[in-house]
Amino acid sequence: MTKTGWMTCTGVALIVLFSSCGYLFAAAGEEIYQVEPGFKLVPAIIMVTLLCVYIGVGILSRVTETSGYWVAGRGIGKFGNGAAIASDWMSAASFMGVAGLLYLKGWFGLGYIIGWTGGYVLLLCLIATQIRRFGKYTIPEFLGDRYDCHTVRLIAAAVTVIISITYSTAQFKGIGLICGWIFGMNYNASVFFAAGVVCAYMLISGMAGVTRNQQIQYVVLISAFIIPLWILIKKAGGAGILPQLEYGALLSDLLEGKVASGTLGAAEIEKVRQIYLPWGAGSFYQFVALVFTLMVGTAGLPHIMIRFYTVKSEEVARKSVLWGLFFIGLLYWSSPVYAVLGKFWNPLGGQQVADVIILSAPERAGMGIAYIGYLAAGAMAAGLSTVAGLLIAGASAIAHDWYATVFNPAATDRQQLFVGRIFTAALCAVVVVTALNPPALIAQIVAMAFSIAGNTIFPVVVLGIWYSGSNKYGALAGMIWGLGMTLIAMAGWIAGIPAFGANGLLPATSSALLVCPMAFVLNILVSNLMADRISEESADRSDNILRKLHNLPGQVDEAPSGEKLPGTHMSEGFKP
Amino acid sequence: MKAEARIASSVLIFWCLLSFGIPLLIFLAGLSDPSGLGASFITRARFLGFPLHYWLIAQGCTIGYILLCKLYCLLWDRRVIPARRTRP
């Protein structure tokens, strides 16, 4: 199907959906909305329509080649990839959890916002262009080739799978909440239902369908998230023009005790001031540790990095980061509005208020049952798009990096595609089993995934690109240190050891401030100590990869599928 | 490659200032607050209606990151691509 055909189909589907929303909204009236779990016809119709669109897009994007399955045939543009990055990124936790977190933690919670956005600058400056120039399928493949070492490849593949499973598991709490709310399903049924939908389009279309669906899902989730704000801010006394700026005055009033119900007493004002002053909910060290961990974790997440393989050229890779960050920014500029409005109406609410701060917004705005359905569909889209991106990254790590590279390098394209589908389904099954017994809270599980990525993947990828002296021994030392320390911190946190708790020196969810720089140092030290153990052939292969990554003259590899300009401006050697 | 590294390091210096310099400034300014909550002239100042310390982190940093990404792309187009074209 042509690009125009795609856009037409998607556009028609969305127009039909929005039209039905408008009609149903008018017909539903205000008295019907409710937030209790149970089957709700109108929201269920909206949700099912969107799920059918996703599956339809999957069927129309079906692929018959491995490059289509893993990297969408490298045909994605900057806006498309930007939307897919944003959609991949914005999980159920971002959609529903961040506003609640900001409601409870106030200023300190903003650390999540700068951590999750600042990581994209690292990604752009240090990784995106070079990964696109490498131009293959997966991050473990890049590491395995660059360090010329199957052990590095397999550790990276294992970490990718661990991140895929933990991060996907975290999505199902939100997805379960939505399915219970709209269809009246229990949590276990919701997990099977959502996993079934994701599998349906992922197995048929691979990355091609996942990417197209992520673009649609971005439109659904961001519109569902932002639209209620205009009505809510007007109800709170704002002009209703730009809620993302208007809530500042509400916040300033809040600090003086002015809320919807009148003026707070002195003790209550002090409680509100405490969470909105910088160090009321955490120390400076905790803030910096959290921000740093989320940044390097963001830049080290394999499912975000592989998005750069899917684009047409390295220029598109760079510009898609810019657009992706802007699309993500739209959500993160809006989340604090919900949190402050929540405080305005309910200044001393606890976890229960925070949990439903987004889902109860249409009810408070008086937007009717149809919009509740659309908002739920937005939250579902956020969860599904992230799960799909993660499962593709995880499955590619097993099917491509283990099966097609290590176990059976002679596999034909057809065999690789078949095995890719088998492992995608298998990984989905593992995620379902894990999600049925989730280990902890959404934000904490996701934050642990960031620690793993930031301590294990980020240092080895950055040094692999920018430090020619880094070799497989250094890479292994750095990765084992990063992964080991993250797991120790996690175990300590679960065991209740104070040093690994939120107030400890090495908080499990913010461990990268200490562990990640050490992983860099270890990699460099061990690489230099073991440099004479690297064979000349291995050094030549690594050198060749580095020439490819930096467009240096003298590379003798196959032609990269991305932008490649013959160059002769570097005269110095680039041997590890 | 040198041009690429120079652009990346320049942008990363600004990234570091935004990400850690602003929280450090807020921390240093708030050291005189006996309650330990970090109240200072930054938390008392207002910008676009917001308490300044809140706006700087909630919007200032993220807007700054987007501008840094734009700057990186612009610098790349102006310095790296012309340098490649002029290669012998």
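Me: Is A:Ile480 buried, exposed or partly exposed?
Reply: In this predicted model, A:Ile480 is partly exposed. Its count is 15 other C-beta atoms within 10 Å. Buried takes 20 or more, and exposed takes 12 or fewer, so a count of 15 lands in between.

Me: Which helix holds A:Ile480?
Reply: Helix α20 of chain A, residues 472–495.

Me: How far is A:Ile480 from A:Gln416, C-alpha to C-alpha?
Reply: The separation is 29 Å. Along the chain, A:Ile480 and A:Gln416 are 64 residues apart.

Me: Stay with chain A. How many helices and strands does chain A have?
Reply: Chain A comes to 22 helices and two strands.

Me: And what share of chain A is buried?
Reply: Of its 576 residues, 59% are buried.

Me: What about contacts in chain A between residues 24 or more positions apart?
Reply: They make up 83% of the chain A contacts with a separation of 6 or more.

Me: Which residues touch the most other members in the largest nonpolar core?
Reply: Seven names come up: A:Val121, A:Val198, A:Leu221, A:Ala376, A:Ala377, A:Leu391 and B:Cys69. The core itself has 226 residues.

Me: Which helix gives the most to this core?
Reply: Helix α17 of chain A, residues 368–407. Helix α17 of chain A supplies 25 residues.

Me: Why would nonpolar side chains be buried together?
Reply: As a general matter, they tend to do that in soluble globular proteins.

Me: Pick A:Leu221. What is A:Leu221 in contact with, leaving aside neighbours within four places in sequence?
Reply: A:Met90, A:Phe95, A:Gly378, A:Ala381 and A:Ala382.

Me: New topic, helix packing. At what angle do α8 and α18 of chain A cross?
Reply: Roughly 55 degrees. The axes of α8 (residues 150–183) and α18 (residues 413–436) of chain A come within 9 Å. That angle makes α8(A) oblique to α18(A).

Me: Left-handed or right-handed, for α8(A) and α18(A)?
Reply: The crossing of α8(A) and α18(A) is right-handed.

Me: Which residues meet there, between α8(A) and α18(A)?
Reply: α8(A) brings A:Ser164, A:Ile165, A:Ser168, A:Thr169 and A:Phe172. From α18(A) come A:Leu427, A:Val430, A:Val431, A:Thr434 and A:Ala435.

Me: Now α9 and α10 of chain A. What angle, and how far apart are the axes?
Reply: About 30 degrees, with the axes 10 Å apart. Here α9 covers residues 187–235 of chain A, and α10 covers residues 243–255. That makes α9(A) roughly parallel to α10(A), because angles under 35 degrees count that way. The crossing of α9(A) and α10(A) is left-handed.

Me: Which residues make the contact between α9(A) and α10(A)?
Reply: On α9(A), they are A:Leu229, A:Trp230 and A:Ile233. On α10(A), they are A:Pro243, A:Glu246 and A:Tyr247.

Me: Over to chain B. What is the order of elements in chain B?
Reply: From the N terminus, α-α-β-β-α. In total, chain B has three helices and two strands.

Me: What is the radius of gyration of chain B?
Reply: Chain B has 18 Å, whereas a compact globule of 88 residues would have a value near 12 Å. The C-alpha atoms of chain B fill a box of roughly 65 × 25 × 15 Å along the principal axes.

Me: How much of chain B counts as buried?
Reply: 36% of its 88 residues.

Me: And what share of the contacts in chain B join residues at least 24 apart?
Reply: 52%, taken among contacts between residues at least 6 apart in sequence.

Me: How many residues of chain B are in contact with chain A?
Reply: 40 residues of chain B, against 45 residues of chain A. The elements of chain B giving two or more residues to that side are α1 (2–29), β2 (50–51) and α3 (52–85). The largest share of that side, 17 residues, comes from α3(B).

Me: Last topic, backbone angles. What is the phi of B:Leu48?
Reply: Positive, at about 55 degrees, although B:Leu48 is not a glycine. Most residues other than glycine have a negative phi.

Me: Where is B:Leu48, in which loop?
Reply: In the loop between β1 (46–47) and β2 of chain B. B:Leu48 counts as exposed, with 11 C-beta neighbours inside 10 Å.

Me: What about the phi of A:Asn551?
Reply: A:Asn551 also has a positive phi of about 55 degrees, and is not a glycine. A:Asn551 lies in the segment after α22 (536–549) of chain A.

Me: Is A:Asn551 buried or exposed?
Reply: A:Asn551 is buried, with 23 other C-beta atoms within 10 Å.

Conventions:
Residues are numbered from 1 along each chain as its sequence is written. Chains are lettered from A and ligands numbered from 1 in the order in which they are written. This is a predicted model: local features need pLDDT of at least 70, side-chain atom pairs count only at pLDDT 80 or more; totals for chains, interfaces and linings use all residues. A nonpolar core is a set of buried Ala, Val, Leu, Ile, Met, Phe, Trp, Tyr and Cys residues joined through C-beta atoms within 7 Å. Helices (H or I, at least four residues) and strands (E, at least two) are DSSP runs, numbered from the N terminus. Two residues are in contact if their C-beta atoms, placed from the backbone, lie within 7 Å. The radius of gyration is taken over C-alpha atoms; the globule rule is 2.2 Å times the number of residues to the power 0.38. Axes are lines fitted to C-alpha atoms, for helices over the stretch in contact, and angles run from 0 to 180 degrees between N-to-C directions. Angles under 35 degrees count as roughly parallel, over 145 as roughly antiparallel, 65 to 115 as roughly perpendicular and the rest as oblique. A crossing is left-handed if the near helix is turned anticlockwise from the far one by less than a right angle, and right-handed if clockwise.
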